[in-house]
Amino acid sequence: MELLVSAAGESTGNVPRSRWLLVHALAVFSFLYLPIAVLILYSFNGQGVGGFPPHHLTLDWYRILLADGPIWDSVLNSLQVAFAAMAISLTIGIPAALALDRAQFPGKALFRRLVLLPLILPGIITGLSLLMLFNVMGTKLSLLTIVLGHGTALISVATTEVFAGLQKLDRSQEEASLDLGANYWQTFWRVTVPNLKLPIIGAALLIFTLSMDEIAVSFFLIGRDNTLPLEIWGRLRRGITPEINAVSTIIFVFSLVTIVVWYRLRARSEGTEDFEARVV
Amino acid sequence: MFSRAYKTVVTVPPLLWVTVFLLVPYLLMFCYSFWSVSPEQVIVHSWNLDNYKELLQKTVYWQTLLRSMWIAARVMLFSLLLGYPLAYFLSFYAGRRKDLLYQMVIIPLWVSYLVRAYAWKTILGSDGVLNTLLQYVHLTRHPLDFLLYSPFAVVLTLTHIYTPFAFLPIYAALEHIPRNLVEASHDLGATPVQTFWKVTFPLSIPGVVAGATFAFVLSLGDFLAPLLLGGPSGIMISNIVVSLFGAAYNWPLGAAISLGMLVIVVSLLFLSERLEKKWSFS
């Protein structure tokens, strides 16, 4: 903390103002992390989800969680959904970014808006409109309908990430490849995709985690099999035990590991050790 | 340099997919809103304006919509009040720790939305962490029961969830401000306060607008936080839609409300895009 203050003082020589900003920043960070800290702490609490001070620290809830069949089934379902949604979003989202970057066609502006809309639209609208589609088509609700929902909503993520990558891309490499006799397919796989490796991996990770967490769209498209968030939702309505804290803690740790891996990956390919040191 | 075939191959599949899974569903929502439900609980495809008439006539829909907008407005305000100074601190004063602190703002986003709402429930409940803590240190004798199942709980939780969303575009806007503009203002004799209000803040407005839009729009359509923490006084417009698509079984009326929400959201997006353009300097 002292380091922060001194760094602030150096940059402007205006210590009092930066001190207020520092206090505010600390307050916001406490606010952001308080529920997460409580969540993790009470996953070890022998006596329920609330109650201060915590009593009888124990690993029992993790043991119960390990033996909890329905939870792990739902984790498996969520993993399947996330991988399938990732495949759809990338398969549609990457060409969509290429189209936005390189092709002119009637309705392009509308197309761009439509693709990006689910990113900012409340999930309930995406979920309900798809529910009506499946209803009219007579499709039975199942994990497949959730995959289609997530896949469609998350095209926006793939497209924005890849489009941003394309904007920075030097087209002369692709041009050279085409001039030297490679066809478009070869150029795409050997020049375009390798150059977009980072945006694509970044989008994939983001899509994967967003899909694992997603509940608003899934809420309306669920069939018989639950995803993990919906399984948790069902239990929240029946009464709560620290087992929910335990499963949330495990997923949080997984997400953290994913972020760290992603930053190491990015830092390595940017080739700056300094960057890596700062982030991790 | 790209052939017509290339352009067709990259354009047609996304175009088809988006048409089938986004455009058609929105159009269906539009159609549904003009249909009705027969007494035998069957959806009748006869076109009429009854759903919209009902929406205009019954005050419960208007009240709930207004309450939702008021909740969303508070979430937006608090997210900006928390997010802006934080972004300003990170961008101008954090020095070498900038990237680390930036990551620390993002990390809570990786905890699922549902789990964070649930965590607040365990904190705010009548035998939750906060109430038992207050009694433990003898500040209160009885649990404070206004904490949970109230609009307050919904606003608090949604603010927690959307503050990082408000922070991100503001931070990006602040980072894009050329530092020599700020220095020039100092050199020309402006006080730090003048510099902030005349140089830094105006240049960060596009970020503020984007962050505000995120926070407002996403909380306006929320239905899980109200279900979990809102109680009867915290019901929002999406909760009505959920019940119309569930137990109350009136999809057409639910579709009409959803379409109204879609119109509100899309107009806000257009408005914010306009504002962002107007205030952007490059």
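**A helical chain and its partner: a short briefing**

The buried residues of helix 9 of chain A pack against helix 8 (171–179) of chain A. Here helices are DSSP runs of H or I with at least four residues, strands are runs of E with at least two, and both are numbered from the N terminus. A residue is called buried if 20 or more other C-beta atoms lie within 10 Å of its own, exposed if 12 or fewer, and partly exposed in between, with C-beta atoms placed from the backbone. Please keep in mind that this is a predicted model, in which local features need pLDDT of at least 70 and side-chain atom pairs count only at pLDDT 80 or more, while totals for chains, interfaces and linings use all residues. Residues are numbered from 1 along each chain as its sequence is written, and chains are lettered from A and ligands numbered from 1 in the order in which they are written.

**Helix 9**

- Helix 9 of chain A spans residues 184–195, and its buried residues are A:Thr187, A:Phe188 and A:Thr192.
- These residues lie on the same side of helix 9 of chain A because they cover an arc of only 100 degrees around the axis, the arc being that of the directions from the helix axis to the C-beta atoms.
- On the other side of helix 9 of chain A you will find A:Gln186, A:Trp189, A:Val193 and A:Pro194 exposed.

**Overall build of chain A**

- Chain A has 14 helices and zero strands.
- The C-alpha atoms of chain A fill a box of roughly 70 × 65 × 30 Å along the principal axes.
- Of the 280 residues in chain A, 40% count as buried.
- Among contacts in chain A with a separation of 6 or more, 71% join residues 24 or more positions apart; two residues are in contact if their C-beta atoms, placed from the backbone, lie within 7 Å.

**Two domains**

- Chain A divides into domain 1 (2–61) and domain 2 (68–279), with bounds that come from an automatic or database domain assignment.
- Taken over C-alpha atoms, the centres of domain 1 and domain 2 of chain A are 31 Å apart.
- Eight residues from domain 1 of chain A and eight residues from domain 2 of chain A make the contact.
- On the domain 1 side, helix 2 (residues 15–42) of chain A gives the largest share, three residues.
- That side of domain 1 has five nonpolar, three polar and no charged residues; Ala, Val, Leu, Ile, Met, Phe, Trp, Tyr, Cys and Pro count as nonpolar, Asp, Glu, Lys and Arg as charged, and the others, Gly among them, as polar.

**Where chains A and B meet**

- The contact takes 75 residues from chain B and 70 residues from chain A.
- Helix 1 (residues 4–32) of chain B gives the most to the chain B side, with 18 residues.
- The chain B side divides into 54 nonpolar, 14 polar and seven charged residues.

**A closer look at A:Ala96**

- A:Ala96 is found in helix 4 (residues 69–102) of chain A, and A:Ala96 is buried, with 28 other C-beta atoms within 10 Å.
- Leaving aside neighbours within four places in sequence, A:Ala96 is in contact with A:Val115, A:Ile155, A:Thr159 and B:Pro14.

**Confidence**

- The mean pLDDT of chain A is 85, and 90% of its residues reach 70 or more; pLDDT is the predictor's confidence in each residue, from 0 to 100.
- In chain A, confidence is highest in helix 4, at a mean of 95, and lowest in helix 14 (residues 273–279), at 38.
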